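Keep the structure in view while reading.

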Amino acid sequence: MCGIVGYIGSRNTVDVLLNGLTSLEYRGYDSSGVSVYDRDDGEIKIFKAEGKLNNLKEILKNDTTLKTPGIGIGHIRWATHGVPSVENAHPHTCNCGNLVIVHNGIIENYLELKSKLENLGCKFKSQTDTETIAHLIAQKYKEEQNLTNAVRNAVKELKGAYALCVMHRNEPNLIVAARKNAPLLIGVGNNENFIASDVPAIISYTKHACYLNDDEIATVWANKFEVCDLEGKIINKRVEILPWESQTINKMGYKHFMLKEIHEQPDVVRNVLSNKLIDANTKIKLDEVKLNSDTIKNLSRIEIIACGTSLHAAMVGKYIIESMTKIAVDVEASSEYIYREKTTNENTLVIGVSQSGETADTITAIRQAKQTGAHILIITNRPDSTMAREAHSLVPVNAGIEVSVAATKSYMAQVLSFYLFAIYLSEIKNTMNSEQLINLKFELLKLPNLVETILQHEDEIKKCASKYASTKDFIYISRGINLASAYEGALKLKEISYINATGYPAGELKHGPIAMLDETMPVMVIMMPGVVYEKILSNAQEAKARHAKLIALTSSNDPKLYDTFDDIIKIPQICEMLSPALTCVPLQLFAYYIAEFLGKDVDQPRNLAKSVTVE
Ligand code: F6R
């Protein structure tokens, strides 16, 4: 949700900024811009473009005015205040143009600040909240001509979330950065420094980084940086070595990152299981879970909070944990948890699930839960994220960088992490007998090969998708542990193809949604053999009687299915408990191929951003 970069050093600044923004494009793609200080003519220059980053790259490629920039800031935007346009694209400036700023976040009191600033003579050129910050800092700068102090004094008046990079023409050897409720880190190099919203923007230049915390302000020169608090007191910061390999983001021959990431899932499963599940006879090891065994034995309630796809993984997690440990589990969207009476306390375990670890709603929710005394455990793909750093316990999911905005392999890794965590709890609480546990672990170890088998049948799923690509609406139904798979399958389809797809509990069809059914409405029925199989089959027959087109996603060999279903997507057999780890894969491929047939921008669907850092 907006990405920012800054660079100061002797490299080609525009290249560093554009490379950084390319790696952050998952955070938004409504517009982009860079601002550089040209040492030759002592001017700050700004370049902006509406739409994808390539539009900005084209402008910069053809520009002949840039000479020797050695310092600059850049931005990629996901529009919040003001439509996507060049005038609303960052960087923004103050009246005289001496100060430039890029911002990620939302300033909640910007209207109030704007009217005060207008009374002081500030002229606004955009509809953004960010421009308010530019004018505010410029006003503060007039007082003592020191950019760090000006930023520090200005941010004290801001309400909301911000990660900022600010440059001033009168102080051309430094960038000032500040953060509150939006991620920001300094990449520390050799006589050069970087600032970025996220690691991928800097990792090909340096593995040394310093994460800023809320209410910290950093002054960054080429050869050093200094961090202070809101009162100007210097804070000693630790430079960490990033546990990331320098990597170029590469589709490896696949047409889209989404397809590549779907295909990475067998290895993702292997990675998640490796070290934690050694063999079927050994207890699960989760080194970063800091709950002691007495707490686990007395644990009576778990609350899981998450958004979007991670929320669907949480729904699967509820089933798994309740079945294996008999602990009551509630699942709630983070955005709902935030605004209701809290019932969590020191006896509750609160699990936050987040691919990015930076989703604003989930961060706020876990902070609130932490204040109630609950133990906070985070299941995340980003052990370096804000959530991970605020948690008491961690389950890193090891899915690797996920570039496509639609989450696929991270969902798989989250679901698997729930199996591991539930077995871990169960081994301490003694809620399953050893034979059950061994069988389950044995089945878990088979998953990578089973996922591979599904991928080998990709062409059949593609063929099925081609038959439904022209539909306007879709319903996904299931029951039990795969209800979340229905929700997730529908979300995948709607977010990348823009087809109106909705997941329903199969038993709920007859309480309303069945009214929508006719021959134009396809229904995807996820029905894995198990306790609810026959019930789902009956629900499917009810839909058939209303002339709906039916697709079964199943491992069943039941010949009766051919009488009821128009199409059958067959997947390998697995116990019902583990089946969500298989059903997600064909649903991802089905959505992918429909979007691909429709010619949609699969990796960067309209209106979305991968990391939703605003509430
Ligand atoms: C959908 C998708 C989103 C995210 C949601 C939460 O494919 O990716 O629904 O799952 O924005 O993001 P994280 O998991 O980063 O908290």
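The text below takes the helix contacts in turn and then the ligand.

The model is predicted. Two packed helices are described by the angle between their axes and the distance between the axes.

Start with helix α7, residues 265-273, and helix α13, residues 409-429. Their axes lie 10 Å apart, at an angle of about 30°. The cut-off for roughly parallel is under 35 degrees, so α7 and α13 are roughly parallel to each other. The crossing of α7 past α13 is right-handed. From α7, the contact draws on Gln-265, Val-268, Val-269, Val-272 and Leu-273. Facing them in α13 are Lys-409, Met-412, Ala-413, Leu-416, Ser-417 and Leu-420. By class, eight of the contact residues are nonpolar, two polar and one charged.

Helix α13 also packs against helix α19, residues 580-597. Here the angle is about 175° and the axes are 10 Å apart. α13 is therefore roughly antiparallel to α19. Tyr-411, Met-412 and Tyr-419 of α13 meet Pro-580, Ala-581, Cys-584 and Val-585 of α19. This contact of α13 with α19 has seven nonpolar residues, with no polar and no charged ones. Met-412 of α13 takes part in the contact with α7 and in the contact with α19.

Now the ligand. There are 14 residues around the ligand, and Ser-310, Ser-354, Ser-356, Thr-359 and Glu-495 come nearest.

| Residue | Distance from a polar side-chain atom to a ligand oxygen atom |
|---|---|
| Ser-356 | 2.6 Å |
| Lys-492 | 3.0 Å |

Methods
Residues numbered from 1 in each chain as written. Predicted model: local features only at pLDDT ≥ 70, side-chain atom pairs only at ≥ 80, totals over all residues. Heavy atoms only, no water. Axes fitted to C-alpha atoms, helices over the stretch in contact; angles between N-to-C directions. Helix = DSSP H or I, 4+ residues; strand = E, 2+ residues; numbered from the N terminus. Parallel < 35°, antiparallel > 145°, perpendicular 65-115°, else oblique. Left-handed = near helix turned anticlockwise from the far one by under 90°. Contact = heavy atoms within 4.5 Å. Nonpolar A, V, L, I, M, F, W, Y, C, P; charged D, E, K, R; others polar. Near = heavy atom within 4 Å. Polar contact = N/O pair within 3.5 Å; in protein donor to acceptor, adjacent residues only side chain to side chain.
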